[in-house]
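Subject: Structure handover

Hello,

Here is the structure I promised to pass on. Please open it first, then read the notes below.

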Amino acid sequence: MISPPKKITTHKQSPDNFSIVRLATLLLWVAFLMKLSIFYTDMHFGVTIEWEKSTLELYAQLKTASPFKWRFLVPGIVHFLTTQFGFSYYICFYYIEVINWFILFVMSYYALTFLNLNNSFFFIAFLSTTVAIPLCYVLCVPVSFFSSVTNAIDIVKQFYSPYDLASAMFVMTAYVSLFKLSKEQSNKYISYYYFTFFLASINRETALLFTFTFFAVMKDHFTKKNLYIHLVAQLIIFLTIRSYIYLYFQGASSASQTLPQTPYEFQLLYNINQLTLDCYLKKILFSYTSGGILLVILFAYRKLSSYNKIFLYFYCLPVICIGLFLGVIAETRIFAELMPLFWICLIQILALPCPKKRPDNDSSSIR
């Protein structure tokens, strides 16, 4: 007679031990991200220089030339901390940047989970830190200017601006909150998005583009009435914030007289002139493509999800056009806020195949 097989017993990890392991893993990850945030902050502060009209001291005193003064969030926080508590303005700018790096890494981790990479926590956690590579490239690599005096290309260090990294962090936070909101129209995710939009509007004018991106993402998830209510609410929030800032700094000196009635500089003709110089063009083309990332996206565009395409259409392209008209494109830092979006697109292109048709029931990944 055949005897029944012996019962195989497995030793399952107790809930208490499992919780301890998860907590220890989380603490190690937080410690690693803090150390990495300090490292990149040290590098950013160490390899950049301060422009005479926008030094950290002038930022803390709210006395920089416009339009730098109008990017109010970080300088406003530092001004409050230095005047009310007597903190060093340098220390305030330093630790605010550390926090920005940390939040950016966390948001990048969540963005990667939307791709359904089917990898371990440690791999995705490590991969999320690579967002700093293209970002550091545009923030820290010295820039090239063609000098009409020397008739040669001058290599100078990047100028430090406290709102550049904050803009990149807000873009990735909006990316995550909008994706969550598109999957679940709850008050929690609406609050996350509006909180991000509010702070981003104080930080930089390009936050207005979040509204158009919001419309493109949510048009199939909200009724027309609710969608228009959200659009009007965001426009009111943005215009109220920016109008108050403009009125507060009314009469502030401008960094340029090219547009004397505005705080902005018209740089399109200058940028076109620079691009006509062959020696300059060859060197800067690599900067335009963020070290080649943008070229990969263009060649493998069909592999991108519709969600990523919306951000490219409604956020990235307008920022590039604004930079061409109002910024000096040799200063690659003006496109820093686009780097997290280019990065997540590159990860998707490298990680996903290019199927002819995606399954309709796949609602967990970015589409």
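**What I found**

Ser 37 is buried, with a relative accessible area of 0% (buried means under 20% relative accessible area, exposed over 50%, partly exposed in between, with a 1.4 Å probe and protein chains only). Ser 37 sits in helix α1, residues 15-47. Leaving out residues up to four places away in sequence, Ser 37 touches Val 98, Trp 101, Phe 102 and Phe 105 (contact means heavy atoms within 4.5 Å).

**Ground rules**

This is a predicted model, where local features need pLDDT of at least 70 and side-chain atom pairs count only at pLDDT 80 or more, while totals for chains, interfaces and linings use all residues. Residues are numbered from 1 along each chain as its sequence is written, and side-chain values use heavy atoms, with hydrogens and water left out.

**The whole chain**

The chain has 15 helices and two strands. Both are DSSP runs numbered from the N terminus: helices are H or I with at least four residues, strands are E with at least two. Of the 367 residues, 49% are buried. Take the contacts between residues at least 6 apart in sequence: 72% of them join residues at least 24 apart.

Start with the loop between α2 and α3. Leu 62 is in this loop. Leu 62 is not a glycine, yet has a positive phi of about 60 degrees. Leu 62 is also buried, at 11% relative accessible area. Pro 67 belongs to the loop between α2 and α3 as well. A cis peptide bond links Ser 66 to Pro 67, with omega about 10 degrees. Arg 71 is another residue of that loop. Its relative accessible area is 10%, so Arg 71 is buried. Arg 71 and Asn 203 are 132 residues apart along the chain, but their C-alpha atoms are separated by 4.9 Å.

Next comes α3 itself, residues 73-85. Its 13 residues should span 18 Å at 1.5 Å a residue, and the end C-alpha atoms are 18 Å apart, which agrees (the expected span is 1.5 Å times one less than the number of residues). Leu 73, Val 74, Pro 75, Gly 76, Val 78 and Thr 82 are the buried residues of α3. Their cover includes α2 (56-60), α4 (89-113), α7 and α8. Just after α3, Gly 86 has a positive phi of about 75 degrees.

How do the axes of α3 and α4 cross? They come within 9 Å and cross at roughly 135 degrees (axes are lines fitted to C-alpha atoms, for helices over the stretch in contact, and angles run from 0 to 180 degrees between N-to-C directions). That makes α3 oblique to α4. As for the cut-offs, angles under 35 degrees count as roughly parallel, over 145 as roughly antiparallel, 65 to 115 as roughly perpendicular, and the rest as oblique. From α3, Val 74, Pro 75, Ile 77, Val 78, Leu 81 and Thr 82 meet Tyr 89, Cys 92, Phe 93 and Ile 96 of α4. This contact of α3 with α4 has nine nonpolar residues, one polar and no charged (Ala, Val, Leu, Ile, Met, Phe, Trp, Tyr, Cys and Pro count as nonpolar; Asp, Glu, Lys and Arg as charged; the others, Gly among them, as polar).

**After α4**

Asn 116 is in the loop between α4 and α5 (121-128). Asn 116 is not a glycine, yet its phi is positive, about 55 degrees. Is Asn 116 buried or partly exposed? At 32% relative accessibility, Asn 116 counts as partly exposed.

Thr 173 is part of helix α7. Thr 173 is buried, at 14% relative accessible area. Leaving aside neighbours within four places in sequence, Thr 173 contacts Ile 103, Met 107 and Thr 196.

Helix α9 (residues 208-218) is mostly covered, with eight of its 11 residues buried. The buried residues of α9 pack against α7 (162-183), α8 (187-203), α10 (224-248) and α14.

**Helices α14 and α15**

The axes of α14 (residues 306-326) and α15 (residues 339-351) come within 11 Å and cross at roughly 155 degrees. The two helices are therefore roughly antiparallel.

Best wishes
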